[in-house]
Amino acid sequence: MELPKSFRPGVGVAVFVVKYKQILIGKRKGEHGDGMWSLPGGHLEFREDVFDCAHRETLEEASVTIKRLRMGPITNDKNLPYEKHYVTLFVVADYDSGHPTVAEPDKCYEWRWCAWDRLPKPLFYMLQNFVDAGFSPFDY
């Protein structure tokens, strides 16, 4: 029996933008994860390359460009609120240019650079799963 489309996992891309041993992190706004800290990222579009998605989402959300992209780990985020299930592809990239700016004010309160060992709380589900798995963006 085939599950309804609403019960199929989504594919998300989350981007660790690294600058001077810090990462770019934003405080989410809206009904899904309001007040939680998250990475730039979003849904992988149909036929879109993962790195193209990382470039697009980082520019769209934070007005920042990235370079030297590499694949990080993948998390299977299946125990999320709102009956959501995502497979999240993490990309690690170096900061290239731009000043982090809230380019989508309906989705984000602020962007800031944070040290990996001093991340603000609470973390968005996918990022918390990454941390709980013992991963670090500085291993990639």
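**In which element is the place of Asp 77?** The place of Asp 77 is in strand 5. The legends below describe a predicted model in which local features need pLDDT of at least 70, side-chain atom pairs count only at pLDDT 80 or more, and totals for chains, interfaces and linings use all residues. Residues are numbered from 1 along each chain as its sequence is written, and side-chain values use heavy atoms, with hydrogens and water left out.

**Figure 1. Overall fold of the protein.** The secondary structure consists of two helices and seven strands; these are DSSP runs, helices being H or I with at least four residues and strands E with at least two, numbered from the N terminus. Read from the N terminus on, the order of elements is β-β-β-β-α-β-β-β-α. A compact globule of 140 residues would have a radius of gyration near 14 Å, and the value of 14 Å for the protein agrees with this. That radius is taken over C-alpha atoms, and the globule rule is 2.2 Å times the number of residues to the power 0.38. Along the principal axes, the C-alpha atoms fill a box of roughly 50 × 30 × 30 Å.

Figure 2. Of the 140 residues, 45% are buried, where buried means under 20% relative accessible area, exposed over 50%, and partly exposed in between (1.4 Å probe, protein chains only). The accessible surface comes to about 8,000 Å², and carbon and sulfur atoms account for 52% of this surface. Accessible areas come from the Shrake-Rupley method with a 1.4 Å probe; for residues, only the protein chains shown count as cover. The protein has 18 positive and 20 negative charges, whose mean positions are 3 Å apart. Lys and Arg count as positive and Asp and Glu as negative, while His and the chain ends are not counted; each charge is placed at NZ of Lys, CZ of Arg, CG of Asp or CD of Glu.

Figure 3. Asp 77 is buried, with a relative accessible area of 0%. Leaving aside residues up to four places away in sequence, Asp 77 touches Lys 84, His 85, Tyr 86, Thr 88, Met 126 and Asn 129; contact means heavy atoms within 4.5 Å. Asp 77 and Met 126 are 49 residues apart in sequence, yet their C-alpha atoms are 6.3 Å apart. For the protein, 67% of contacts between residues at least 6 apart in sequence join residues at least 24 apart.

**Figure 4. Glu 57 in helix 1.** Glu 57 is found in helix 1 and counts as buried at 7% relative accessibility. Not counting residues up to four places away in sequence, its contacts are Gly 41, Gly 42, His 43 and Ala 62.

Figure 5. Cys 53 is in no disulfide, and the nearest cysteine sulfur, that of Cys 108, is 17 Å away. Cys 53 is buried, with a relative accessible area of 0%. The sulfur of Cys 108 lies 12 Å from the closest cysteine sulfur, in Cys 114, and this is too far for a bond. Cys 108 is also buried, with a relative accessible area of 7%.

**Figure 6. Two arginines with positive phi.** Arg 47 has a positive phi of about 65° although it is not a glycine. This residue is placed in the loop between strand 4 (41-43) and helix 1 (50-62), and Arg 47 is exposed, with a relative accessible area of 77%. Arg 68, likewise not a glycine, has a positive phi of about 50°. Arg 68 lies in strand 5 and counts as exposed at 55% relative accessibility.

**Figure 7. Two loop prolines.** Pro 81 is in the loop between strand 5 (65-77) and strand 6 (86-97), and is partly exposed, with a relative accessible area of 29%. Pro 81 and Gly 33 are 48 residues apart along the chain, and their C-alpha atoms are separated by 9.4 Å. Pro 122 lies in the loop between strand 7 (108-115) and helix 2 (125-132). A cis peptide bond joins Lys 121 to Pro 122, with omega about -5°.

Methods:
Disulfide = S-S within 2.5 Å.
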